[in-house]
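Have the sequence and the structure open while reading.

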Amino acid sequence: MTLLVRDTVNERLRAAADHALIIQPLLDVDQLGSASLDLRLGYDFLVSVLTRRPSIDVGRSADYRAIGSYFQETRRELGERFVLYPNQVVLTTTLEYVGLPADCYADISARSSYNRLGVPIATWLQPGFRGCVPLELFNHGNSPIELVVGCRMCQMRLYKLEQPQQYVEHGATRKYYGDVRPKVSSADADRDLAHLDSIRSVN
Amino acid sequence: MALADWTSDSVIVTTALSPDLDGGFYFRAVPAQFSVLAQAYLGIQFRSELAQISLPLIYRHKPLYNLPLYHELGHFVDIRHNISGLTLLLNPVSPPYTNIALSHRREHFADLFCACYMGDASTSFLVDFAGVQPASVTHPDTSSRIALVNDFLSNTANQVVNMFQAALTQLNLPRLTQRFSVPTIAEHLNNVCPPIIGADAELHGLLASGYSYLQRAVAHRTPPWDTMPEDRIESIVNDLAEKAIRNYMITTRWAQGAVP
């Protein structure tokens with residue numbers, strides 16, 4: 001596995017077909033650093049809200065309530081502010097739509113400036129990924145933070161694999177493939193849950 | 001964006017999401033008396049004309065299913081400038097059929113307006129969405145609507161098209177003409193990536209060509225759509241079209257250095 005540096009990433013951005021790295025839109029070439037590429041905060045947000053229910057049920061019990069009902073959707077335009085309150089989960093995405101080649105995976109982390117504000121980000125993208133990168137924001141500090149839509153909030157490091165991998169294998173479907181806006185957890189759609197439920201019933 | 005082709009006045013368009021699919025599309029002006037009353041009783045002066053646009057809630061994230069909005073915008077432009085009303089002066093219809101003729105002409109104008117931005121996708125969506133209908137008091141029959149649009153798009157001489165062009169000339173408004181260009185979309189969508197839009201005309205063209213692409217993707221199921229269920233294909237292709245539109249807006253604003 002090899003970390004891609006600026007020249008190689010640049011080549012991938014210009015490459016055709018299977019080897020291409022897609023970043024749309026790439027607003028500023030300065031987003032590309034020596035061994036990373038800055039990504040911007042997107043414009044759609046799902047904000048967690050308190051409800052009368054004591055908990056979110058991912059097991060689909062008899063009085064199940066959809067996970068989406070625990071979140072409120074809101075949108076800001078480029079340059080507008082979004083206030084991230086302490087102890088609140090906010091789902092969003094990067095501004096950029098990212099397409100990874102089949103022979104690369106990517107680590108996504110917060111830029112140091114945002115880590116220092118108490119807003120860490122840590123996720124990764126599988127080879128062949130398509131979509132705006134999902135970001136789960138949480139303010140660990142004591143003060144609300146006014147984030148600016150379009151700010152460079154996280155960075156992507158690309159690694160080349162020895163063997164290409166297929167993100168969408170034949171006959172399979174991916175839950176978050178091609179997403180352009182944040183989506184709530186699909187944990188309640190995991191197939192194992194029904195099996196685990198049946199085990200509980202037997203016991 | 002399309003409205004800017006027809007007026008230089010400032011118009012604020014508010015969006016409504018209708019729970020109904022039938023009748024969910026409309027585009028209407030807010031009565032001028034509202035501004036007059038707001039000024040008289042509240043001292044508030046509106047610097048922009050208000051208009052309301054509505055689309056069905058279930059199409060909120062499906063731009064390729066919102067082609068009828070161009071038709072509704074055509075109604076808004078027509079009524080605002082009384083274009084069909086003028087045609088009744090230029091090409092009168094005897095009572096008691098005047099009101100029926102006015103309704104039918106308004107539909108024909110909206111169809112032609114939509115075709116300026118959508119091409120033949122305007123009529124194919126009409127059939128997909130509403131089916132082939134006979135003439136009614138309010139609407140001409142679907143076949144004659146399609147025939148009119150086909151004549152317009154193929155530059156075949158047509159009295160109805162000529163009638164509207166004459167009225168538009170009298171009103172110093174732009175002529176009915178093709179106002180879209182088709183961007184390259186297949187290579188991007190086949191790669192599950194948003195198409196890249198380079199100009200306003202391509203933005204209009206994206207919706208028409210995207211709708212055609214979606215129909216082909218669902219019908220033929222070639223890669224990468226061969227293993228996906230139909231609703232997933234609909235969702236992803238619509239999302240990619242929406243992202244293409246947003247990317248165009250973002251890059252334009254970024255270049256202008258403008259904050260909305």
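Contact means heavy atoms within 4.5 Å. Helices (H or I, at least four residues) and strands (E, at least two) are DSSP runs, numbered from the N terminus.

This is a predicted model, in which local features need pLDDT of at least 70, side-chain atom pairs count only at pLDDT 80 or more, and totals for chains, interfaces and linings use all residues. Residues are numbered from 1 along each chain as its sequence is written, chains are lettered from A and ligands numbered from 1 in the order in which they are written, and side-chain values use heavy atoms, with hydrogens and water left out.

**Helix packing in chain B**

Helix H4 of chain B packs on two helices, H6(B) and H7(B). Axes are lines fitted to C-alpha atoms, for helices over the stretch in contact, and angles run from 0 to 180 degrees between N-to-C directions.

| Helix pair | Angle | Axes apart |
|---|---|---|
| H4(B) (residues 98-118) and H6(B) (residues 142-153) | about 45 degrees | 10 Å |
| H4(B) and H7(B) (residues 159-170) | about 85 degrees | 11 Å |

Angles under 35 degrees count as roughly parallel, over 145 as roughly antiparallel, 65 to 115 as roughly perpendicular and the rest as oblique. The angle of about 85 degrees therefore makes H4(B) roughly perpendicular to H7(B). On the H4(B) side, B:Arg105, B:His108, B:Phe109 and B:Leu112 touch B:Val160, B:Val161, B:Met163, B:Phe164 and B:Leu168 of H7(B). By class, this contact of H4(B) with H7(B) has 7 nonpolar, 1 polar and 1 charged residues (Ala, Val, Leu, Ile, Met, Phe, Trp, Tyr, Cys and Pro count as nonpolar, Asp, Glu, Lys and Arg as charged, and the others, Gly among them, as polar).

**Where the chains meet**

Chain A brings 31 residues to the contact and chain B brings 26 residues. The area buried between the two chains is about 2,400 Å², with 54% from carbon and sulfur atoms; buried area is the accessible area (1.4 Å probe) that two parts lose on being put together, summed over both. Of the area that chain A buries against chain B, A:Gln24, A:Leu78 and A:Arg181 supply 23%, more than any other three residues.

**Salt bridges**

A salt bridge is a side-chain nitrogen of Lys or Arg within 4 Å of a carboxyl oxygen of Asp or Glu. B:Asp239 and A:Arg181 form a salt bridge through their side chains (3.0 Å, N to O). In chain A, the side chains of A:Asp44 and A:Arg75 form another (2.8 Å, N to O). That pair links distant parts of the chain, 31 residues apart: A:Asp44 is in strand S4(A) (residues 44-48) and A:Arg75 in strand S5(A) (residues 71-75).
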